[in-house]
Amino acid sequence: MGEDETKRRFQDLVVPEIPFLARVARSMSTSPAQAEDLAQETLLKAFRALDSFDGRHPRAWLARIARNAAINRDRRAREVPVPEEKLQSQALGVDDPATIVLDAEIDGVLRDALDDLPPAFREVVQLVDVEEMRYQEAAEALGVPVGTVMSRLHRARRRLREAVRGTHLDREARP
Amino acid sequence: MSWLAHVPGTGAWNRRRLHRLCRETLDRIQELVDEEVPSPRRAAVLLEHVRDCPPCAREADAVRELKDAIRRTGCVDDPGMVARLTELAERLPDSEP
């Protein structure tokens, strides 16, 4: 593949997915700084491996590269991934003030609960619930069977439901 | 269980069928909400059951609401990081041998 072709494919396939890569790297890391290092490493590896990429499912491909890089990073550092910093807040995009307050409460609780999930659970939740990947895509991205994706997702959601117990999101707690 | 529960059309049969459908729906609620039930025909049966069964409908709504909240919470872009990565991506083709 020529240099120009590689550049074009990188621009077409990888660059549009940079926000996705940043979010996924964050879900695989314990701090924003660690996430940025991971995303940078992933970009570099993606560029170098572009010739062997068939162009299908760039998100799953990038997530797989990031996942492998994260495994190597954690192996090197022998880290116990405990969140150091919380994700930044974001605009909620809803108009009703009561909903804003309730959603903000839930988002805060959920954000903490997401950060507290074991990394293997957090990655699956990020790929399936946030990035809306199919089970099969997430399984390929993470290099695990579909059944593992389903069980991790189930267990992660159960933990998250426990975390929001008593908030507006807990249907049993509603008046 | 009464032998009537095995005779189609009887009240006991209907109750038994409903109980089994509830159990299957709750077992597969995640796949149902994620639209990942492998068989479309089975998915249609379970969805129809969810429409008619308040407890199953409540459970499906709870999973759906949690999923929505996770999406809202997890879809956080860090504009600074995205900008720096974009800048790196622009430099990469020229800096890589």
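**Figure 1. Surroundings of B:Glu36 in the predicted model.** Not counting residues up to four places away in sequence, B:Glu36 touches A:Arg134, A:Tyr135 and B:Glu31, a contact being heavy atoms within 4.5 Å. The side chains of B:Glu36 and A:Arg134 are joined by a polar contact of 3.4 Å. A polar contact is a pair of N or O atoms within 3.5 Å; within protein, one must be able to donate a hydrogen and the other to accept it, and residues adjacent in sequence count only if both atoms are side-chain atoms. B:Glu36 is found in the loop between α2 (29-33) and α3 (40-52) of chain B. Helices (H or I, at least four residues) and strands (E, at least two) are DSSP runs, numbered from the N terminus. B:Glu36 counts as buried because its relative accessibility is 16%; buried means under 20% relative accessible area, exposed over 50%, and partly exposed in between (1.4 Å probe, protein chains only).

This is a predicted model, in which local features need pLDDT of at least 70 and side-chain atom pairs count only at pLDDT 80 or more, whereas totals for chains, interfaces and linings use all residues. Residues are numbered from 1 along each chain as its sequence is written, chains are lettered from A and ligands numbered from 1 in the order in which they are written, and side-chain values use heavy atoms, with hydrogens and water left out.

**Figure 2. B:Glu35 in the loop between α2 and α3 of chain B.** B:Glu35 is not a glycine, yet has a positive phi of about 55°. Most residues other than glycine have a negative phi. With a relative accessible area of 61%, B:Glu35 is exposed.

**Figure 3. A:Glu132 in the loop between α6 (119-130) and α7 (135-142) of chain A.** The phi of A:Glu132 is near 60°, a positive value in a residue other than glycine. A:Glu132 is exposed, because its relative accessible area is 52%.

**Figure 4. A:Arg67 in helix α4 (residues 58-77) of chain A.** A relative accessibility of 16% places A:Arg67 among the buried residues. A:Arg67 touches A:Met28, A:Glu123, A:Ala141 and A:Leu142, residues up to four places away in sequence not being counted.

**Figure 5. Chain A as the setting of A:Arg67 and A:Glu132.** Chain A contains 8 helices and 0 strands. Of its 175 residues, 45% are buried. Among the contacts in chain A with a separation of 6 or more, 68% come from residues 24 or more positions apart.
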